[in-house]
Amino acid sequence: MKQEAACEGDGGAIVGAAYIQRVELAVRIDKQMLHCPLCTHPFKPPVFQCKAGHPACSGCVALLPFRQCKACVDGGGFFDPCPTLDTLVSSTRIGCPNVGCQWYVTYHEVTEQQKVCPYAPCRCTEPGCGYVGAPQALAGHLRTVHLVPVRAVQYGKVSKLQLSVSTMRLVLLGDDNCVFLMTVGALGAGITAVSVVCARARAVTRPRFTCKMWVNLETPPAAVANCGKEDMVLVDMHIRSSSSPGAVVAAGEPTFLTVPPMYLVPAAGDGASMEVPLHIRINKLSPWSDALV
């Protein structure tokens, strides 16, 4: 997908003239001129036009017998490729509708841009809340409205977290303000599950982050030490993306760490509650801009 950074203007479509020295003008244009009158979908090359000037997209022309224009009264109009309309359609760009995004994209690609845009809105993770906003604003909403704790993390560095089994939610904020929601849930038999999801409008084809989480056994029993078993539980995984990252942890989902009861420790100053002494390291595989190509 070809994209360009936003330039000054009134927010209208941008039509570029293909000269040696490119000059762009911000203009307003009738939206219907950029849509096929037969199927109403946005035009994309190749665009066809009959001798009477009626345009049509390639998909609609392919369905017409002999490429004959039905709008012509005498029935004598036939569709042929129109390079001029191809140039117009290819050079008409519009700003991404998502608040905060500064990219301009070709008009007929704006729908796909909204799907991969890092500013595409996400829903609030809390039940009953109707908030919808950019992922970057989600952390502030959860902190101020729902009092969900927020913890900053640095990519590539280990962070130590003391997670109460009753906390349920924790927001991790990356170096680039990417929002990760950590969920603590029960799987039964005293086993605790810890999952991490990236708040993003739509899951992407390629993973953007990996995550390694582990819990060390604070005081390994003699039986464990003698039999040579591991004194830690660990998971190394790709972080999935979701527009509703507050979903309940599922037992069949391979994106969480299972923590047996023996790895929990009493909370400081409160022996009645237990905590997960979690270590976590998030690695960024590629920048968000890779999703915009």
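The dialogue below takes up the aromatic rings and then an annotated region.

Modeller: This is a predicted model, in which local features need pLDDT of at least 70, side-chain atom pairs count only at pLDDT 80 or more, and totals for chains, interfaces and linings use all residues. Residues are numbered from 1 along each chain as its sequence is written, and side-chain values use heavy atoms, with hydrogens and water left out.

Biologist: How is a pair of aromatic rings described?

Modeller: The description consists of the distance of the centres and the angle of the planes. Rings of Phe, Tyr and Trp (its six-membered ring) pair if their centres lie within 6.5 Å; planes under 30 degrees apart count as stacked, over 60 as edge-to-face and the rest as tilted.

Biologist: How many aromatic pairs does a search of the whole structure find?

Modeller: The search finds 3. In one of them, Tyr155 and Phe209, the ring centres are 5.4 Å apart and the planes at 40°, so this pair is tilted. Tyr155 lies in the loop between strands E11 (150–152) and E12 (159–164), and Phe209 in strand E16 (residues 209–216), 54 residues apart. Strands (E, at least two residues) are DSSP runs, numbered from the N terminus.

Biologist: What is the geometry of Phe180 and Phe209?

Modeller: Their centres are 4.9 Å apart and their planes at 90°, so the pair is edge-to-face. Phe180 belongs to strand E14 (residues 179–188), 29 residues from Phe209 in strand E16. Tyr155, Phe180 and Phe209 form one aromatic cluster.

Biologist: Is Phe180 buried or exposed?

Modeller: Phe180 is buried, with a relative accessible area of 0%; for Phe209, also buried, the value is 1%. Buried means under 20% relative accessible area, exposed over 50%, partly exposed in between (1.4 Å probe, protein chains only).

Biologist: Which feature does UniProt place at residues 179–199?

Modeller: The unreviewed UniProt entry gives "transmembrane region" there; the positions follow the numbering used here, feature names are shortened, and annotations may be inferred rather than shown by experiment. In the model, residues 179–199 are 0% helix (H or I, at least four residues) and 90% strand, with the end C-alpha atoms 6 Å apart.
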